[in-house]
Amino acid sequence: MTPIIGNTAAQAAFMAAMRGGSLHHAWLIAGPQGVGKASFARAAAMRMLADAAEPDGGSTDLAVPEGNRTRSLMEAGSHPDFRVLARLPKDPEKPDQDLARSITIAQVRTLQPLFATTPSMSPRRVVVIDAIDDLERGGANALLKNLEEPPAGTIFLLVSHAPGRLLPTIRSRCRLLRFEALSDGEVATAIRTLQPDADENEVAALVRASDGAPGRALRYAGLDIAAIDDAIAAIAQDGDRDNGRRLKLAKALGLKTAQPRYEAFLDRAPAFIADAARTRSGPALRSALDAHTAARELAGAAIGLSLDAQATVFEMAGIVATLRH
């Protein structure tokens, strides 16, 4: 199992609660997207279930050794006392494509037969919800009943990227475990661990694109994100008055084979504008903020409305070019 990198204070707080016998029945694991919250939740679930089945008072971290029965069952997706609720694929026959918009109340209700029985392998079971932000309102109300009257031995680990949007009644029944953005060094370590074939130039580019979130950086792995960022920066610097840079970029990213790089560009352009805005004031700041709003709206519409890729890249690059003024 890949070690959880960064947020050592949060990890230590959870381990202390686990070892001290003060393990709350519901934990809200909150923080920026892509910093390892879901990986932590799964690792914590494995550690808790392994300890409950075979107590090991000497363990000081989340790692469960290979060959451990709990680990083997969880890695096979067949542990009877572990459940994960997440958005399901829209088409069950295409699990790697579009996901549903939300975690449904029907998914929450599938937990009830589980709660009607005692845990199978130890006195404990664990339910991970990744992310609870995706839970539809009816599902949130159904889950609240379980948080108010938790089934015996059940621990809930609720991953949240935006805890302020949750029902206050859910937040109030959870112990908060706060995760923060990682340092550049921690992000680089995570990238090297998960992408051992990446050279140092790619690692450096991914770190710059990460905003402290390895999960975000890894979405760009293998896409030559440095070239995309350099093209955006060049357009912002000189304004591209003859449209040459924009046309070249639009042709390169408008190809069907360039879809992943096109989507990365739609992410990176608004992020670049946001970074530029942080260094400005007065009318220049207002202009950058307007550009950021326009870029985000265009990026949001581009995929959902299947806008023409070349035209979208050209328009987005034009918004970037306004930073020159």
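**Sheet and helix packing**

Modeller: Five of the five residues of strand E1 are buried, so E1 is largely enclosed by the rest of the structure. Buried means under 20% relative accessible area, with exposed over 50% and partly exposed in between (1.4 Å probe, protein chains only). Helices (H or I, at least four residues) and strands (E, at least two) are DSSP runs, numbered from the N terminus.

Colleague: What are the ground rules for the numbers?

Modeller: The model is predicted: local features need pLDDT of at least 70 and side-chain atom pairs count only at pLDDT 80 or more, while totals for chains, interfaces and linings use all residues. Residues are numbered from 1 along each chain as its sequence is written, and side-chain values use heavy atoms, with hydrogens and water left out.

Colleague: Back to E1, then. Which residues are on each side?

Modeller: Ala26, Leu28 and Ala30 are on one side, Trp27 and Ile29 on the other, and all are buried, so that both faces of E1 are covered. In a regular strand the side chains alternate between the two faces of the sheet.

Colleague: And what is the order of the strands in the sheet?

Modeller: The order is E2-E3-E4-E1-E5, an open sheet of five strands with parallel pairing. Two strands pair if DSSP finds at least two bridges between them. Strands E2 (82-85) and E5 (175-178) are at the edges, each pairing on one side only. On average, neighbouring strands are turned by 20° against each other, direction ignored.

Colleague: How many bridges join E1 to E5, and how many to E4?

Modeller: E1 is joined to E5 by four bridges and to E4 by five, in the parallel sense. Leu28 has Leu158 as its bridge partner in E4 and stands opposite Leu176 in E5. E3 (residues 125-130) and E4 (residues 154-160) also run parallel, over six bridges, and Val126 stands opposite Ile155 there.

Colleague: What lies across these strands?

Modeller: Helix H1 (residues 8-20) lies across E1, E4 and E5, and runs at about 145° to E5. Axes are lines fitted to C-alpha atoms, for helices over the stretch in contact, and angles run from 0 to 180 degrees between N-to-C directions.

Colleague: New topic: how does H11 pack against H12?

Modeller: H11 and H12 (residues 244-253) pack at about 160°, with their axes 10 Å apart. That makes H11 roughly antiparallel to H12; the classes are roughly parallel under 35 degrees, roughly antiparallel over 145, roughly perpendicular from 65 to 115, and oblique for the rest. The contact (heavy atoms within 4.5 Å) involves Ala231, Ala234, Ile235 and Asp238 of H11 and Arg245, Arg246 and Leu249 of H12. By class, it has four nonpolar, no polar and three charged residues. Ala, Val, Leu, Ile, Met, Phe, Trp, Tyr, Cys and Pro count as nonpolar, Asp, Glu, Lys and Arg as charged, and the others, Gly among them, as polar.

Colleague: Is Arg246 buried or exposed?

Modeller: Arg246 counts as buried, at 12% relative accessibility. Leaving aside neighbours within four places in sequence, Arg246 is in contact with Ile235, Gly239, Asp240, Phe314, Ala317, Gly318 and Ala321.

Colleague: At what angle do H11 and H15 cross?

Modeller: The axes of H11 (residues 225-238) and H15 (residues 309-321) cross at roughly 50° and come within 7 Å. That makes H11 oblique to H15. Ile232, Ile235 and Ala236 of H11 meet Ala317, Val320 and Ala321 of H15 in this contact, which has six nonpolar, no polar and no charged residues.
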